[in-house]
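Please read this briefing alongside the sequence and the structure shown below. The points are grouped by topic.

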Amino acid sequence: SSSSSSKQLSLNSKLERKDRVIVIGAGLAGLAAATRLHSQGRPFVLLEASDAVGGRVRTDSVDGFLLDRGFQIFITAYPEAQKLLDYNALNLQKFYSGAKVYYNGQFHTVADPFRHFWDSIKSLANPIGSVLDKLLIGLTRIRVLIKTDEQILTSSEVPIIELLRNIGFSDSIIDSFFRPFFGGIFFDKELETSSRLFDFIFKCLALGDNTIPANGICQIPNQIASKLPFESILLNTRVLSIDFDEQNMPNVRLANGETLKSEIGVILAVEEPEADKLLRQPVKFQRKPARSTVCLYFSADKDEIPVQEPVLFLNGSGKGIVNNIFFATNVAPSYGPPDKALISVSLIGLFADVMDDNLTAEVIRELSDWFGKSTVGSWRHLRTYRVRFAQPNQSPPTDLIKNPKSEFSLAVYLCGDYMTSATFDGALVSGRKAVDALLRDRAFLNSGV
């Protein structure tokens, strides 16, 4: 008990320090903020309500399988991620550069001509878009590659669907390929998301690979956290609210009754709705309903799956509720036991009025049409994740380079993917920018204090 009381003592002394920055939320944005503070030699404490870092980027271990909480792909060309992460240590496992599209009862390959030249030649004649569509994809690639990221994120914008039509893509390729592919990335079947995000992701896809870390998507936040001082991350520490004193300095009230103060500042790195709750008023940005998704996992014997390639399957049929599916163990064998396969199925939206069992039955029924009843019938349902807040809604008008200073107090700074682009990279950028704004305002950067 003496050790626990000394632990409590050190916790209290740590919490009483007023010369350190308080970072609330240990998702990617909060971790990036903490990393930036650490690199600048600024003391900080990182508060996280749940039992691990990562925020939405988490992985659960179930029956020997690794289940990412929702469909998440890591694109190696993300510029901020390249600066922060050690890709070799993540042991990234690659997807095939392209997809198989389920259309008119058959699968058709859409391949990246720069990586799978012969596959793309063979696919010229398939019904997923015309030869002109395939040429336009090449021209779109050139258009985005000659722009800087800043030019892309500040360029004039329209909804993605409008951009695709303006470029001249046929309805056929929009509905059978772009809708399920980019709809799956942005959880937005209508393709209302900003064309800025389409261009940014298109550029990253042209320059990098689609991957998942061998030991789950959680390895990305875990790696960032591992480089931070262990004692400055407090898990299972829920923040109830941020109140302001007479000087308009923030007091951070914890669920355990304690109050933390900082004379330097607070960085609020939580999802947009949570930021509203903690500040007890909405932050000023325009509100649109969040993007939601449901992800279902199934297991099967290795020999009961129809393909062995690490390819993403897209629903290009225009019917049904499944948007995309992949055999995770084909991409990363470490996602399951040696003789088993893991299947990940994604739907767009929350399906709040449909019970889990009914949703599972509908997915099995639908995939039986794709792969055959005898194959899919033997799959075992592992878990269903309903992700209400998968991404902020970034349909136009957007501001992807928001000022991290909050309007409530000179000492509160906001970060998270809603401040930038709704991507892994956007979250990381927002954390760095929030710290840079705070340090600039405190003139620490210049004086070297």
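This is a predicted model: local features need pLDDT of at least 70, side-chain atom pairs count only at pLDDT 80 or more; totals for chains, interfaces and linings use all residues.

Helices α6 and α10 pack with their axes 9 Å apart and at an angle of about 100°. The two helices are therefore roughly perpendicular to each other, since angles of 65 to 115 degrees count as such.

**The α6 and α10 contact**

- Two packed helices are described by the angle between their axes and the distance between the axes.
- On the α6 side, the residues that take part are I137, T140, R141, R143, V144 and L145.
- They meet F198, D199, F202, K203, A206 and L207 in α10.
- By class, this contact of α6 with α10 has seven nonpolar, four charged and one polar residue.

**The second largest pocket**

- Rolling a probe the size of a water molecule over the atoms shows where empty space is left.
- The second largest pocket holds about 650 Å³ of space.
- Its lining has 34 residues, and V110, A111, D112, P113 and I137 are the closest to its centre.
- I137 also belongs to the α6 residues that meet α10.
- Five elements each supply at least two residues of the lining: β8 (106-111), α5 (117-122), α6 (131-145), α9 (171-186) and α10 (195-207).
- Which element gives the largest share of the lining? It is α9, with five residues.
- The lining divides into 20 nonpolar, nine polar and five charged residues.

**The sheet of seven strands**

- Seven strands form an open sheet with mixed pairing, in the order β8-β7-β16-β17-β18-β15-β19.
- β8 and β19 (380-391) each have a single partner strand, so one side of each is left without a neighbour in the sheet.
- On average, neighbouring strands of this sheet are turned by 25° against each other, direction ignored.
- β15 (residues 291-301) pairs with β19 in the antiparallel sense over eight bridges.
- In this part of the sheet, C295 stands opposite Y385 in β19.
- Helix α14 (residues 356-371) lies across β7, β8, β15, β16, β17, β18 and β19. The helix runs at about 75° to β17 (322-327).
- In a regular strand the side chains alternate between the two faces of the sheet.

**The sheet of three strands**

- Another open sheet has three strands in the order β5-β9-β6, with antiparallel pairing.
- Its edges are β5 (74-75) and β6 (92-94), each with a single partner strand, so one side of each is left without a neighbour in the sheet.
- β5 and β9 (residues 210-213) run antiparallel and are joined by two bridges.
- T211 in β9 is the bridge partner of F74.

- Strands β3 (residues 59-62) and β4 (residues 65-68) run antiparallel and are joined by four bridges.
- T59 stands opposite D68 in β4.
- Two residues lie between the strands of this hairpin.
- D63 is in the loop between β3 and β4.

**Two backbone details**

- Most residues other than glycine have a negative phi, and most peptide bonds are trans.
- What is the phi of D63? It is near 55°, a positive value in a residue other than glycine.
- P396 and P397 are joined by a cis peptide bond, with omega about 0°.
- P397 sits in the loop between β19 and β20 (412-414).

How values were computed
Residues are numbered from 1 along each chain as its sequence is written. Side-chain values use heavy atoms; hydrogens and water are left out. On a 1 Å grid over the protein atoms alone, a cavity is a set of points where a 1.4 Å probe fits but cannot get out, and a pocket is an open set with protein on both sides within 12 Å along at least five of seven lines; lining residues have an atom within 4 Å of a point. Grid points are joined across faces, edges and corners, and a volume is the space filled by probe spheres set on the points. Ala, Val, Leu, Ile, Met, Phe, Trp, Tyr, Cys and Pro count as nonpolar, Asp, Glu, Lys and Arg as charged, and the others, Gly among them, as polar. Axes are lines fitted to C-alpha atoms, for helices over the stretch in contact, and angles run from 0 to 180 degrees between N-to-C directions. Angles under 35 degrees count as roughly parallel, over 145 as roughly antiparallel, 65 to 115 as roughly perpendicular and the rest as oblique. Contact means heavy atoms within 4.5 Å. Two strands pair if DSSP finds at least two bridges between them.
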